Amino acid sequence: MPTTVSLPDDWPAHPDQSLALNRMGSFDWDLVAGLMHLDPPALDVFDTVADDYDGRPESLSPRVPPAESVRLDALVSSALKSGVDSYGAYFRIRCRDGRLRWTHTQGRVLRDDDGRPYRIIGIVRDATEELSHSAERLGLDEERRRQTSVVEGTTAALAHARTVQDVIDALSDNHGLERLGSMGMVMGLVEAGRIHLVAEGPSGSYVPGTRYTRIDEQYPMSEVVRSLQPRFIDSQEEFATGYPGLWSKISSMRISAAAYLPLIAQARPIGAIGLLYQDKDGFTQEERNLLVALGSSIAQSLQRAMLLEQEHDLAEGLQQAMLPRRIPAVPGAEIAVRYRSARMGRDIGGDWYDVIPLPGGRVGAVIGDVQGHDTHAAAVMGQLRIVLRAYAAEGHAPATVMARASGFLHELDTDRFATCAYAEADLSTGVVQLVRAGHIDPLLRSRHGDVRRLPVTGGMPLGLSAEFGHLEYPVTTVELDPGETLLMCTDGLVEQPGADLDDGIQLLTSLIHSGPADLQQLADRLCEVVDERGGDDDMALLLLRRRIEDAPQAGGRLQQHVAQGDPEALASARHMIGAAVRAWGARERSDEIELVADELVTNALMHTDGPAIVTLRVLPGPQRRLRVEVEDRSSALPRRREAGESGVSGRGLMLVDRLADVWGVESRGSGKCVWCEFVMG
């Protein structure tokens, strides 16, 4: 650390002796090097000897109280940034004997050709005598304006507080307490006849036995809560006399004054705050008025924060009660679910997940989000989750489950809609049927960590599709290989302020790719990202992985809805049939089964006016048989006919009769079902 400062060439070799006679010194501050030269008279103004000053402004910190130092730093920074050429201020210094005295400084800012400041030259002088009589009002006015500004700034910061901790941080941050001259703060909240200390300072100043104190005890915070009146302590003697028990524990902190303020909201005390001082000799009436006003602002902000926390706890409790208490164990699958609420207040909504065990080794996975962020959204979510689970458990196809859920939401006495994604997975075949109602697409992670977005043709959000009469939900079929993971989430995981949704999904994709292989750890990591981001929206997450081993025994039930004029649905149905046949042990007859099933579906679409529903299932018994069923809305029974001259049509039922072991037709209400069975070796 340097002991001398290189003086600039234009520094006078012989300073004007009149400066010293008037208790005035000069300084030259090199902003680039960070060094400040003080001539002997300037050192004398700061009551500092040359041996104690090493050329750095920080060396003067023992002479300048913290509150004054913060104010001077702010003044100089403002001058440098605003482009002004000069500044001036009155401030106090602490002499070596402990006395405070007024000082005045003026500085001139020198800038280069580009306007960047590189040097400040100026003077410092003893202003004690100047301010001792009528001119003292200048310093007092400046001090009053400063304290008023601090109170106003602190009040503005408190307006954004949403938690008790936010209130504490607003009082501690930005050097607000230092500008008030306080060296620390204590705050307590009234809880069941006691005062719970929730903040204390400075660091390391915790007093044992004061975390919880009774309101009737002899403590200043207890007194202001009982009396609803502020308590200003002007000296150490007054503190020691009034509160000997507390003073014996804090006397080493060198507190010279303290202000304890009751925090009153709606005419009742909710807590108290204490401001502690080391360089203060009592409080003026103006200071007392300002602190009382500050206490009122703190109380209002604190009450608002406490109400928001209570409402958030209530809403979060309702949300958690609506979510499944436990996730069932599903043979052949590993599942991880997570839910994170929004940060605070009423920002809690209708995000949910659900896992539904289905017959035949199948499982339904649901992720959804009811519009809105309040307890009503959470209540609607709970009802919607229950009915959607019921429709799925009844055996309805995924598209039907979604359509019925939309109708239910439309009939509720609510104006809310919901986005949702539903996946029905057959873990023996790996066939996953996906339906999407205005929700974001799911993602698929391979065994090797590669991640891709699954484009799922979607329908309108639940509630809206029923209102506008668009209840058709296309089904997208994919195969989930052993070890692959399906990820479904709500937009709280991908949305970021000011960022596009696609950018959020791309970021999520990279996080999943680089995330741990363990499913639970991966879910935790994704939640950590949301916590670090401090999102304003809640988030639900569901991860479904098909196990490499321990897959359920082959055999189950799959169903696909194929609409008229929907080639993608027809291709999806063919995909499902092929995967099921191979996985259920009928590989030797796969060509026959796929051909017959395709023929039956095509016939239903060509010769009826509505959609076809194809169902595959394995029938138990001495001989395992695979049954293919194709339902349509027409009651007209199919008939076998000869092929025409062109040979293009007329061979459908002949083909079915030739390849299937047995087939038939059943009436189904307003329609029929054509079925056929194949013996599986």
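Start with helix α5, residues 164-172. In this predicted model, helix α5 lies across β6, β7 and β11. Its direction runs at about 160° to β6. Strand β11 covers 268-277.

Helix α7, residues 220-227, packs on the sheet too. Helix α7 touches β6, β7, β8, β9, β10 and β11. Against β11, its direction makes about 140°.

Now the sheet. What is the strand order? Reading across, β8-β7-β6-β11-β10-β9. That is 6 strands in an open sheet, with antiparallel pairing. The edges are β8, at 212-214, and β9, at 231-233. Each of these pairs on one side only. From one strand to the next, the twist averages 20°.

Take one pairing in detail. Strand β6 is residues 184-191, and β7 is residues 194-200. They pair in the antiparallel sense over 6 bridges. Glu191 stands opposite Arg194 in β7.

Next, aromatics. The count comes to 6 aromatic pairs. Look at Phe232 and Phe283. Why is this pair tilted? The ring planes sit at 55°, so the pair counts as tilted, and the centres are 5.3 Å apart. This pair links distant parts of the chain. Phe232 is in strand β9; Phe283 is in the loop between β11 and α10. They are 51 residues apart. Both Phe232 and Phe283 are buried.

Buried or exposed, Phe239? Buried, with a relative accessible area of 1%. Trp247, at 13% relative accessibility, also counts as buried, because the cut-off is under 20%. Phe239 and Trp247 belong to one aromatic cluster with Tyr243 and Tyr260.

Two charges sit over rings. Lys280 lies over the face of Tyr277, at 5.5 Å from the ring centre. For Arg627, the charged end sits over the ring of Trp675, 4.3 Å from its centre.

Last, the cores. Nonpolar side chains tend to be buried together in soluble globular proteins. Here the largest nonpolar core has 55 residues. Which members touch the most others? Leu384 and Leu462. Helix α11, residues 375-393, gives this core its largest share, 8 residues.

Leu384 has contacts well along the sequence. Leaving out residues up to four places away, Leu384 touches Trp352, Val370, Ala405, Phe408, Leu409, Ala418 and Leu462.

How values were computed. Residues numbered from 1 in each chain as written. Predicted model: local features only at pLDDT ≥ 70, side-chain atom pairs only at ≥ 80, totals over all residues. Heavy atoms only, no water. Pairing = 2+ DSSP bridges. Helix = DSSP H or I, 4+ residues; strand = E, 2+ residues; numbered from the N terminus. Axes fitted to C-alpha atoms, helices over the stretch in contact; angles between N-to-C directions. Contact = heavy atoms within 4.5 Å. Core = buried A, V, L, I, M, F, W, Y, C linked by side-chain atoms within 4.5 Å. Buried < 20%, exposed > 50% of the residue type's maximum accessible area, 1.4 Å probe, protein only. Phe/Tyr/Trp six-rings, centres within 6.5 Å; stacked < 30°, edge-to-face > 60°. Lys NZ or Arg CZ within 6 Å of the ring centre and 35° of its normal.
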